[in-house]
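Below is a short note for a colleague who has not looked at this structure before. Please read the points with the model open alongside.

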Amino acid sequence: MTPAIPLSEVVGRLEQDFPSVPSPLEAFASLVPQIAAVQSVPLRDFVLDSFWERGGGLMVRNGNLVAGVCTTVFLTPELVSFLRTRDARRWLVFTHHPLDMESTGRGFLAPAVEWFQALQDLEVSIISCHVPLDIHPEISTSRALARRLGVVAEDTFWGYADGQIGVVGPSPVADVDGLCRHVRRELAVDWLQLHRHGGAARRLAVVAGAADHPEVLEQACDLGCDTFIAGEWYPRFIGISPNDRAWAKEQRRMLKTLAATLPMTLVGASHYSTEAAVMVADMPAYFAQLGLPTIFCPQNDPWR
Ligand SMILES: [Fe+2]
Ligand SMILES: [Fe+2]
């Protein structure tokens with residue numbers, strides 16, 4: 001059995017290696033309070049003050065020791081039973097997003113009160129590493145996705161904070177049909193958001209998670225990419241509040257209109273599957289160096 005490590009030590013290392021960004025640059029600094037209010041979940045009672053202000057970092061502290069790490073893309077309802085069946089007492093949840101998400105339904109969701117109480121019983125703490133994990137020059141969501149797909153990164157794009165989110169490299173498969181088969185197989189997704197432009201796939205832009213911003217797609221075109229692989233290049237979620245619903249609907253319309261004008265094939269392979277790559281490969285290797293075992297909590301339906 002692995003000896004437990006002080007939580008403060010693990011958090012200190014993570015803060016050093018994945019420095020947080022100022023709160024205006026961290027979407028969850030405003031999203032978490034918004035979602036909690038819309039859904040009437042008293043999130044504020046469970047999370048740390050520092051997290052509430054920054055939208056990242058140590059989110060929930062339940063105890064002072066860490067015996068292992070559970071990596072996850074979202075804070076799913078299934079996470080509790082996953083930890084319970086593995087007797088993962090005093091484990092640390094290392095999540096990319098500090099919320100759950102339905103990519104085809106309600107969008108971001110706050111975990112329920114009972115969910116937080118179950119983690120208290122297990123003495124499981126939570127740390128969220130969002131923007132710092134998207135922009136890290138080595139261990140990042142998009143770099144891990146590129147490696148998973150066999151894309152050698154030759155260039156980067158989409159500057160954000162003091163890093164770059166997207167990577168560019170030669171396609172591992174030179175035609176769109178073959179590349180789509182490769183992506184479906186590697187990421188275990190059976191449906192892709194596909195906008196086809198021609199049949200060749202020679203130079204790829206790779207962005208894990210959401211890339212639903214016109215300027216990001218245009219930057220990839222300017223770098224000579226004929227194919228763009230992302231989690232989602234337009235949002236599929238319907239939303240909860242009237243504002244949410246209107247925003248998602250307008251984004252879909254605008255991005256599909258833009259896609260028709262770009263000389264580039266666009267492939268979306270799900271927010272979950274594309275951002276899981278770093279949690280399956282890179283983060284377990286990182287935590288092993290700290291002497292901590294890691295398990296990854298999978299999501300059955302990538303497009304849930
Ligand atoms: Fe991300
Ligand atoms: Fe994401």
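The points that follow go from the domains to the sheets and then to single residues.

1. Basis. This is a predicted model, in which local features need pLDDT of at least 70 and side-chain atom pairs count only at pLDDT 80 or more, while totals for chains, interfaces and linings use all residues. Residues are numbered from 1 along each chain as its sequence is written, and chains are lettered from A and ligands numbered from 1 in the order in which they are written.

2. Domains. The chain is divided into domain 1, made of 5-132 + 277-296, and domain 2, made of 134-271; these bounds come from an automatic or database domain assignment. The centres of the domains, taken over C-alpha atoms, are 25 Å apart. Domain 1 puts 20 residues into the contact and domain 2 puts in 21 residues, where two residues are in contact if their C-beta atoms, placed from the backbone, lie within 7 Å.

3. The domain 1 side of the contact. Four elements each give at least two residues to the side of domain 1 that touches domain 2: strand S6 (100-102), helix H6 (131-135), helix H11 (271-280) and helix H12 (282-289). Helices (H or I, at least four residues) and strands (E, at least two) are DSSP runs, numbered from the N terminus. By type, the residues on this side are eleven nonpolar, six polar and three charged. Here Ala, Val, Leu, Ile, Met, Phe, Trp, Tyr, Cys and Pro count as nonpolar, Asp, Glu, Lys and Arg as charged, and the others, Gly among them, as polar.

4. The five-stranded sheet. Five strands form an open sheet in the order S2-S8-S5-S4-S15, and the pairing is mixed; two strands pair if DSSP finds at least two bridges between them. Strand S2 (57-60) and strand S15 (294-296) are the edge strands, each pairing on one side only. From one strand to the next the twist averages 30°. Axes are lines fitted to C-alpha atoms, for helices over the stretch in contact, and angles run from 0 to 180 degrees between N-to-C directions. Helix H1 (residues 7-17) lies across S2, S5 and S8, and runs at about 5° to S8.

5. Strand S5. How many of the five residues of strand S5 (residues 91-95) are buried? Five of the five are, so the strand is largely enclosed by the rest of the structure. A residue is buried if 20 or more other C-beta atoms lie within 10 Å of its own, exposed if 12 or fewer, and partly exposed in between, with C-beta atoms placed from the backbone. Trp91, Val93 and Thr95 point one way from S5, and Leu92 and Phe94 the other way.

6. Partners of S5. Strand S4 (residues 68-72) pairs with S5 in the parallel sense over five bridges, and Thr71 has Phe94 as its bridge partner in S5. S4, helix H4 (residues 79-85) and S5 make a right-handed β-α-β unit; right-handed means that, with the strands pointing away from the viewer, the path from the first strand over the helix to the second runs clockwise. S5 also pairs with strand S8 (residues 125-128), in the parallel sense over four bridges. Across that pairing, Val93 stands opposite Ile126 and Thr95 opposite Ser128.

7. The six-stranded sheet. The other open sheet has six strands in the order S9-S10-S12-S13-S14-S11, with mixed pairing. Strand S9 (155-160) and strand S11 (193-195) stand at the edges with a single partner strand each, so one side of each has no neighbour in the sheet. The twist here averages 20° from one strand to the next. Strand S12 (residues 203-210) and strand S13 (residues 227-232) pair in the parallel sense over five bridges, with Val206 opposite Ile229.

8. Two residues with positive phi. Ala161 has phi near 50°, a positive value in a residue other than glycine; Ala161 sits in the loop between S9 and strand S10 (163-170). Ser270, also not a glycine, has a positive phi of about 90° and lies in the loop between S14 and H11. Are these residues buried or partly exposed? Ala161 counts as partly exposed, with 16 C-beta neighbours inside 10 Å, whereas Ser270 is buried, with 28 other C-beta atoms within 10 Å.
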